[in-house]
Amino acid sequence: MHPDSHFLKIRNLRNSETLRRYEVTYYDQHTIQCIVTKDKTAVDSWIQKVEQDHLQPNQDLAIVGLAINWRRDERPTNWRPPLQVNVPRLHRTERQLDEDFNMHHPVATLQLCVGVECLIFQLLLAGEVPQSLIDFLNHPRCKFVTVYPGITKLIREYPQLQINNRRDLNSAAVAKYNDMGLYSVDVMNLAINVLGYGIDMSKYAEMSRWDNSDLFGHQIKYACIQTFLATEIAKSLEEFL
């Protein structure tokens with residue numbers, strides 16, 4: 001893997017009262033158009049454009065990368081989940097323990113990516129879930145692809161956000177490569193195993209304050225590449241999805 005500063009670049013296009021626009025360039029080959037917003041109207045507009053461009057009756061099902069982020073605090077090295085947590089206490093990976101430790105923080109952002117169009121919706125700051133988003137997650141022409149730690153936390157906190165056609169990329173990778181270790185890897189490491197390339201995103205981005213109103217450049221790059229790589233991985237695992 002390579003340092004993200006060399007192979008993942010960001011350019012601020014323009015801001016308004018309701019959203020910020022960016023271009024995120026990956027390996028100088030893919031330019032992802034990204035908006036960051038907590039505004040319902042901006043979400044409505046993004047979804048409408050995606051429907052016009054990708055969800056027409058004569059088109060194949062759209063592969064939609066879906067991910068979430070939330071505030072994560074540094075876990076003490078000797079911490080273990082309490083007995084009442086409904087997860088096995090033994091044989092937990094370091095990443096799984098990090099997730100267990102931070103589960104009390106609410107989901108802060110929801111990311112969607114279709115083609116090279118990415119939405120970072122600041123769900124925690126929005127105050128309400130747009131009806132257009134609820135409908136989009138149940139669109140019959142979408143195939144939503146997710147990577148560990150998955151979307152269980154999102155659905156638990158926002159039960160109205162049911163996802164009609166969701167496929168787990170970790171399970172598909174295990175089925176293809178017969179490697180149980182792929183069940184709990186994140187999207188960056190899954191990309192290395194499936195695609196043969198990826199980005200060495202620092203843990204600083206993952207562990208940063210996703211509940212802040214103004215996200216930093218390294219957070220936006222991280223959120224974009226999470227969902228974009230999910231769609232690229234899905235293409236390689238299509239027969240197992």
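Predicted model: local features only at pLDDT ≥ 70, side-chain atom pairs only at ≥ 80, totals over all residues.

Biologist: Which residues of H7 are buried?

Modeller: Leu 169, Asn 170, Ala 172, Ala 173 and Val 174. Their cover includes strands E7 and E8 along with helices H8 and H10.

Biologist: How do H8 and H10 cross, then?

Modeller: Their axes come within 9 Å and cross at roughly 35 degrees, and the crossing is left-handed.

Biologist: Who makes that contact?

Modeller: From H8, residues including Val 187, Met 188 and Leu 190; from H10, Tyr 222, Ile 225 and Leu 229 are among them. The contact residues split into 10 nonpolar, two polar and no charged.

Biologist: New topic: how many aromatic pairs are there?

Modeller: Five. Tyr 26 and Phe 228 are edge-to-face, 6.0 Å centre to centre with 70 degrees between the planes. Tyr 26 is in strand E2 and Phe 228 in helix H10, so the pair ties together parts 202 residues apart in sequence.

Biologist: Is Tyr 26 buried or exposed?

Modeller: Buried, at 1% relative accessibility. Phe 228 is buried too, at 2%.

Biologist: Which residues form a cluster there?

Modeller: Tyr 26, Tyr 197 and Phe 228 form one aromatic cluster.

How values were computed. Residues numbered from 1 in each chain as written. Heavy atoms only, no water. Buried < 20%, exposed > 50% of the residue type's maximum accessible area, 1.4 Å probe, protein only. Helix = DSSP H or I, 4+ residues; strand = E, 2+ residues; numbered from the N terminus. Contact = heavy atoms within 4.5 Å. Axes fitted to C-alpha atoms, helices over the stretch in contact; angles between N-to-C directions. Left-handed = near helix turned anticlockwise from the far one by under 90°. Nonpolar A, V, L, I, M, F, W, Y, C, P; charged D, E, K, R; others polar. Phe/Tyr/Trp six-rings, centres within 6.5 Å; stacked < 30°, edge-to-face > 60°.
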